[in-house]
Amino acid sequence: MTKTSTTIGSDWGYAPAPESADHFKLKDQYGLFIGGKFVPAASGKRLKTINPANEKVIAEVADGGEKDVAKAVQAARTAYDKVWRKMSGRERGKYLYRIARIIQERARELAVVESMDGGKPIRESRDVDIPLAAAHFFYHAGWGDKLRYAFPGKSVSPIGVAGQIIPWNFPLLMVAWKVAPALACGNTVVLKPAETTPLTALLFSEICQEAGLPEGVFNLITGAGSTGAALVNHPGLDKVAFTGSTEVGKAIQKSLAGRGTRLTLELGGKAAHIIFEDATIDQAVEGIINGIYFNQGHVCCAGSRLLVQESVEEEVVTKLKARMESLIVGDPLDKNTDIGAINSKAQWDRIRDYLKIGEEEGAELFQTKCSVPEKGYWIRPSFFTRVAQSHRIVQEEIFGPVLAIQTFRTLNEALEKANNTPYGLSGGVWTDKGAKIFKVTRGIRAGVIWANTFNKFDPTSPFGGYKESGYGREGGRHGLRPYVELS
Ligand code: ADP
């Protein structure tokens with residue numbers, strides 16, 4: 001295990017507090033989960049999944065291809081026709097409830113595996129990812145027999161087989177966001193997790209077995225982008241749900257054009273986080289930290305563009321620097337760690353490229369001085385000042401712990417800048433004045449806007465974007481809509 005450096009300033013330090021990883025045993029190899037059983041890929045090919053904090057291989061997983069996708073879609077179709085669509089909503093709800101309970105029972109194991117496979121701090125996987133994944137299943141378990149109340153006056157039926165593709169930033173939570181509403185509404189699923197973080201989705205497949213979920217209702221195909229493309233291109237899907245980059249989202253939309261397969265897309269973001277001079281600055285600074293440094297900034301709704309009212313810029317930046325210096329970067333399994341490892345070498349390279357681009361564009365880079373482990377992929381919390389609206393670091397999604405700070409004088413200027421982006425996923429505002437909150441929340445074109453807080457998630461609350469951030473909502477009553485047929 002990497003030893004975390006936990007020195008804060010010169011006088012304070014934390015003794016390492018690593019979470020143990022000896023209370024469960026991962027397998028060396030995992031198959032695909034098709035028709036209720038683990039099976040190898042038809043090609044026999046496998047991919048390695050590594051721990052980004054120490055670059056060691058954790059396990060090998062099957063590299064699924066077209067033949068495997070075809071088998072999984074067939075299994076999902078059979079389960080849909082013969083079992084799942086015919087089952088009462090009440091009975092389906094019981095399975096979701098069982099899955100939620102088992103996620104809770106295996107929470108510690110799931111949290112540790114999530115941190116090992118993806119690099120996120122154990123505090124976040126333990127307190128955010130896993131409890132929210134369970135909450136998502138509990139919430140949707142309740143909808144199972146109440147769908148007619150969600151859509152009054154309509155007759156509600158499922159759509160069929162859903163192909164779902166998820167990213168690596170919240171691996172198990174994204175499984176829950178995708179699978180829970182699909183199953184609650186009576187659909188069956190073939191899911192592809194991201195290539196760098198397949199392990200908790202594989203453990204989720206075991207949980208489905210443990211819960212006695214009828215075979216074929218949930219199927220998992222591990223693999224990389226080409227496996228995802230094979231899934232999207234399979235003609236047997238009734239619905240595709242994708243969370244990931246805008247680039248891949250656009251490609252998926254093109255390949256589905258004219259096929260009549262329903263599609264929802266949750267893509268990138270470049271959220272404006274607006275701090276007015278009347279805000280409680282100390283709390284706002286905590287909000288900024290949470291907004292951009294939570295989960296290494298691997299968050300599509302991250303507050304990656306800070307807009308500070310000019311009169312408080314100096315105070316905000318000074319306090320932000322002081323607070324950032326207290327952030328501990330290091331071993332994701334250490335309970336003291338605030339910022340874990342960057343998810344993959346590719347993402348690490350990408351963020352470092354953006355740091356270079358920012359400096360070349362003329363912006364001023366600030367990075368904290370903390371030490372980082374020698375092995376693994378690390379980026380110190382960073383921000384840029386002296387940025388222009390046209391800079392790439394202001395316009396493009398970096399998906400790392402890198403903030404761009406701009407100033408504004410009036411509310412209208414703040415809104416103008418906030419909306420000057422191709423994205424529209426989220427936003428945030430800090431102010432003492434309710435009237436300003438309403439003006440900002442109405443004035444920013446984004447799916448989610450937080451006021452005097454940031455990055456709060458709840459299964460009852462719909463999440464999704466506008467513009468190049470995609471369409472469709474996940475969570476809440478709105479999140480059921482993409483998975484039902486209404487007549
Ligand atoms: P990121 O840039 O965050 O890695 P991607 O959009 O590349 O996001 O990845 C999100 C998910 O989409 C992953 O599961 C990945 O394997 C999958 N994916 C990548 N390329 C394609 C594609 N052409 N078709 C379908 N899925 C893809």
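A crossing is left-handed if the near helix is turned anticlockwise from the far one by less than a right angle, and right-handed if clockwise. This is a predicted model: local features need pLDDT of at least 70, side-chain atom pairs count only at pLDDT 80 or more, and totals for chains, interfaces and linings use all residues. Residues are numbered from 1 along each chain as its sequence is written.

**Exercise 1. Describe how H10 packs on H11.**

Step 1. Locate the helices. H10 spans residues 281-293 and H11 spans 313-324. Helices (H or I, at least four residues) and strands (E, at least two) are DSSP runs, numbered from the N terminus.

Step 2. Take the geometry. The angle is about 55°, and the axes lie 10 Å apart. Axes are lines fitted to C-alpha atoms, for helices over the stretch in contact; angles run from 0 to 180 degrees between N-to-C directions.

Step 3. Classify. H10 and H11 are therefore oblique to each other. Angles under 35 degrees count as roughly parallel, over 145 as roughly antiparallel, 65 to 115 as roughly perpendicular and the rest as oblique. The crossing of H10 past H11 is right-handed.

Step 4. List the contact. H10 gives Ile-281, Asp-282, Val-285, Ile-288 and Ile-289; H11 gives Glu-315, Val-316, Lys-319, Leu-320 and Arg-323. Residues are in contact if their C-beta atoms, placed from the backbone, lie within 7 Å. Six of these residues are nonpolar, none polar and four charged. Ala, Val, Leu, Ile, Met, Phe, Trp, Tyr, Cys and Pro count as nonpolar, Asp, Glu, Lys and Arg as charged, and the others, Gly among them, as polar.

**Exercise 2. Which domains divide the chain, and how far apart are their centres?**

Step 1. Domain 1 covers 29-267 + 469-486, and domain 2 covers 272-451. These bounds come from an automatic or database domain assignment.

Step 2. Compare centres. Over C-alpha atoms, they are separated by 30 Å.

Step 3. Count the contact. Domain 1 contributes 18 residues and domain 2 contributes 24 residues.

Terms used:
Contact = placed C-beta atoms within 7 Å.
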